[in-house]
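Please look over the sequence and the model shown here before reading the report. The report is meant for someone who is meeting this structure for the first time.

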Amino acid sequence: MGHTKAGSSAITAENVHELFPEVEALSAVSPVTCGVSAAESGDFEGYDEEQVRLMDEVCIVLDVDDEPISRASKRVCHLMTNIDRGLLHRAFSCLISMIWTNTCCSHPLDVQAREAWILRELGIKPEQVPLEDFHFLTRVHYKAPSDGKWGEHEMDYILFIQADVDLAVNRNEAQDFRWFSPEDLKNMFATPGLQYTAWFKLICESLLFKWWADLGTPEFQRNTNETIIRRM
């Protein structure tokens, strides 16, 4: 996978602010916005107020070795004009397995803290998903265009947890959700017309079904805490 356009230089802490004027230093004090606000940008006509506000949330900007070098808003990080020039940010994706059904619910998590996604995106109570019960599996570096204007270029930390949870999904964050078994998911992939987030399809095709088969066995622990970066 190409990280930058042909002839362009690698993005570093030394040149990132020159290449992308809207990014800020990691030491900046504002917790929720960087540069031009989403409302002022004109990129979100027709979106509701909460959707626009969420695009001002801050992401960690990285070099290709996963070293933090700056920070920028979700809007800046997801514009294809920036992605095509190599702008990369950190993301988190979580696979939740219900203890009593051994099924899985997926949702892309592009935030930096547990409380941000379990309370606002999925509506899960923090006490149902203790931090110590999360397993870190691996990092996935991928680039995926969306509709021409927007896309993803992420260093995605893949987390896994088994828990019995209650969902109160925020429909501004997730259009739909469902619990499914491995067999259900394979049938869904074979069903024409269904669409999936890029990170989830990539992980399923290469890793998820093996992780799922290993669940509850000593082999599963050998899948955790990878130090390599999987480039997809």
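This is a predicted model: local features need pLDDT of at least 70, side-chain atom pairs count only at pLDDT 80 or more; totals for chains, interfaces and linings use all residues.

## Nonpolar cores

The largest nonpolar core is made up of 20 residues, and those with the most contacts inside it are Leu 95, Ile 158, Leu 185, Phe 200, Ile 203, Leu 208 and Trp 211. Two or more residues of this core are given by each of four elements, namely strand E5 (135-145), strand E6 (151-162), helix H7 (182-189) and helix H8 (198-214). The largest share, eight residues, is contributed by H8. In soluble globular proteins, nonpolar side chains tend to be buried together.

Another core, of 18 residues, lies apart from the largest one and includes Cys 94, Leu 122, Met 155 and Ala 163.

## Aromatic rings

The structure holds 10 aromatic pairs. In one of them, the ring centres of Phe 189 and Tyr 196 are 4.9 Å apart and the planes stand at 70 degrees, so this pair is edge-to-face. Both partners count as partly exposed, Phe 189 with a relative accessibility of 22% and Tyr 196 with a relative accessibility of 25%.

Phe 189 also forms an aromatic pair with Phe 200, and this pair is tilted, with 6.5 Å from centre to centre and 50 degrees between the planes. The pair links distant parts of the chain, since Phe 189 belongs to helix H7 and Phe 200 to helix H8, 11 residues apart. Phe 200 is buried, because its relative accessible area is 3% and buried means under 20%.

Phe 189, Tyr 196 and Phe 200 are also members of one aromatic cluster, which they form together with Phe 180, Phe 209 and Trp 212. Over the ring of Phe 209 sits the charged end of Lys 186, 5.0 Å from the ring centre.

## Two loop residues with positive phi

Asp 66 is found in the loop between strand E1 (58-62) and strand E2 (68-73), and its phi is near 70 degrees, a positive value in a residue other than glycine. With a relative accessible area of 5%, Asp 66 is buried.

Asn 225, which lies in the loop between helix H9 (218-221) and strand E7 (229-231), likewise has a positive phi in a residue other than glycine, near 60 degrees. At 53% relative accessibility, Asn 225 counts as exposed.

Definitions and conventions
Residues are numbered from 1 along each chain as its sequence is written. Side-chain values use heavy atoms; hydrogens and water are left out. A nonpolar core is a set of buried Ala, Val, Leu, Ile, Met, Phe, Trp, Tyr and Cys residues joined through side-chain atoms within 4.5 Å. Buried means under 20% relative accessible area, exposed over 50%, partly exposed in between (1.4 Å probe, protein chains only). Rings of Phe, Tyr and Trp (its six-membered ring) pair if their centres lie within 6.5 Å; planes under 30 degrees apart count as stacked, over 60 as edge-to-face and the rest as tilted. A charge sits over a ring if NZ of Lys or CZ of Arg is within 6 Å of the ring centre and within 35 degrees of the ring normal.
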